[in-house]
Every structure is written in structure tokens, then in C-alpha cells.
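Hello,

Here is the structure for you to look through. Open it first, then read my notes below.

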Amino acid sequence: QLGYLHLQAGDLERARAQIDSALFLDDRNVHAHRLLALYFTQVGLPDSAVARYHMILELTPDDIEAHNNIAFLLAAQKQYLPALEWYGKTKTLAQDPQLMHAVNLNMEAIRAIMDGKMRARYILVPSESLAIDLLRRIDEEGEDFSELAARFSKAPNARDGGDLGFFGPGDMLPTVEESVMRLKVGQTSPVIQIERGYMLIQRLN
């Protein structure tokens, strides 16, 4: 429990010491193994985290959280086929409808990425000055793009944070597709003028 509290507080050194002590006393302590996997994730060692989740599965083969987290970590490393395999295993064990829905969404996202599809969100406003102000608030003040979309965008998907979903070549206006392709993940475009007004686009994958 102390290890978890230290992790939550960002005190990684003390967290690791507490977790190591727990595993020294009982190397079959699943909770401690789980915390160590979380520790490895937080310090940027995903391979070590995956290995730790495999150890959990040796102790408790039907551990849904371990299956799901292995899939997530593999996907984050762009190991998409193994990630799909582990998400599939998670689905066979899942009883919770919300977890099943989340897993299905993650699998759909991975397949879209493998098919070369892009995902982005946008804000559409009537004036250039408002678009410039919103861009400043996103880039300089760190305001949330989707919240600003819900408040200011005139697009029909404003309530969804401007999410365009996944799309491939030819699915969107050429201006939108070209802008998204030039962006890095999480980056927001400059103000773009279209017939209906002024847009900001943010790439999501």
C-alpha cells in the first residue's frame, strides 16, 4: 500500500524501495508485481513492465488487468499485431461491458492505424481573430482543444470535441488531409481558411 501511495505522489525512489521489500518478503505477491509494472511504465521502461505483467500471468493466468495492460503497452510501442492478440485475449476474459467496449475501441483504433488511416479533431469558427485567439490559448496557455471545440466550434461535431474519427485518403477535404499529414501527433495547425470559416486542426494519431 505504501508503494502505491509513493507512486501516486511521484516519489519513485521510495515507491521502488517499498515494492522491492514487499517482493523480498513474498515473491508471489501479485499486488507488488502489479505496482512494479506500473513503476516501470512511469519511468519509461515498457519492456520491463510487460515482462512483469507476464510474471503476474504465471501466478494468476486469468488476470484481466495484466492482459489489457500488456496490449496497451505493446500498442504504445507500435507493436500492433501482438497488441491485437493480447486485446483479443482480454476480450475472452472480460465480463464487464465497459471494459469490453473500451477494448473494442482500442482494437478498432489499432486496425485503423495499420490501414494507414488518420485521426484528428477540429474547431470551426466564423472569424479569423477568434481562431487566432483559440490557437494562442491552446499553444501558449495549454487549454484543452476538445473543451474549446465544444464551447466555440460551429461544426456539427462540436459536442464531441471536434473529433473527426478515423479517415483515409479521399475521405476529407484535401485541405484537411494535407494539414493533418503535416502535423505531428498532438500538434495543432495554424489557422486555415475554408469556405465556411476558419479552422484549427489537431492530429490525434
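Start with burial. Of the 205 residues in the protein chain, 40% count as buried. Keep in mind that this is a predicted model. The chain exposes about 11,900 Å². Carbon and sulfur atoms supply 51% of that area.

Next, the fold. The protein chain has 10 helices and four strands. Along the sequence, the pattern runs α-α-α-α-α-α-α-β-α-α-β-α-β-β. The radius of gyration is 21 Å, well over the 17 Å that the globule rule gives for 205 residues, so the chain is more spread out than a compact globule. Its C-alpha trace spans about 65 × 35 × 30 Å along the principal axes.

Now the contacts. Take those between residues at least 6 apart in sequence. Of these, 50% join residues at least 24 apart.

Last, the empty space. Rolling a probe the size of a water molecule over the atoms shows where such space is left. The largest pocket holds about 390 Å³.

α7 gives the most, with five residues.

Best wishes

Technical notes. Residues numbered from 1 in each chain as written. Predicted model: local features only at pLDDT ≥ 70, side-chain atom pairs only at ≥ 80, totals over all residues. Heavy atoms only, no water. 1 Å grid on protein atoms, 1.4 Å probe; cavity = no way out; pocket = protein on both sides within 12 Å on 5 of 7 lines; lining within 4 Å. Points joined across faces, edges and corners; volume = space filled by probe spheres on them. Helix = DSSP H or I, 4+ residues; strand = E, 2+ residues; numbered from the N terminus. Rg over C-alpha atoms; globule rule 2.2 N^0.38 Å. Buried < 20%, exposed > 50% of the residue type's maximum accessible area, 1.4 Å probe, protein only. Contact = heavy atoms within 4.5 Å. Areas by Shrake-Rupley, 256 points an atom, 1.4 Å probe, with all protein chains shown as cover.
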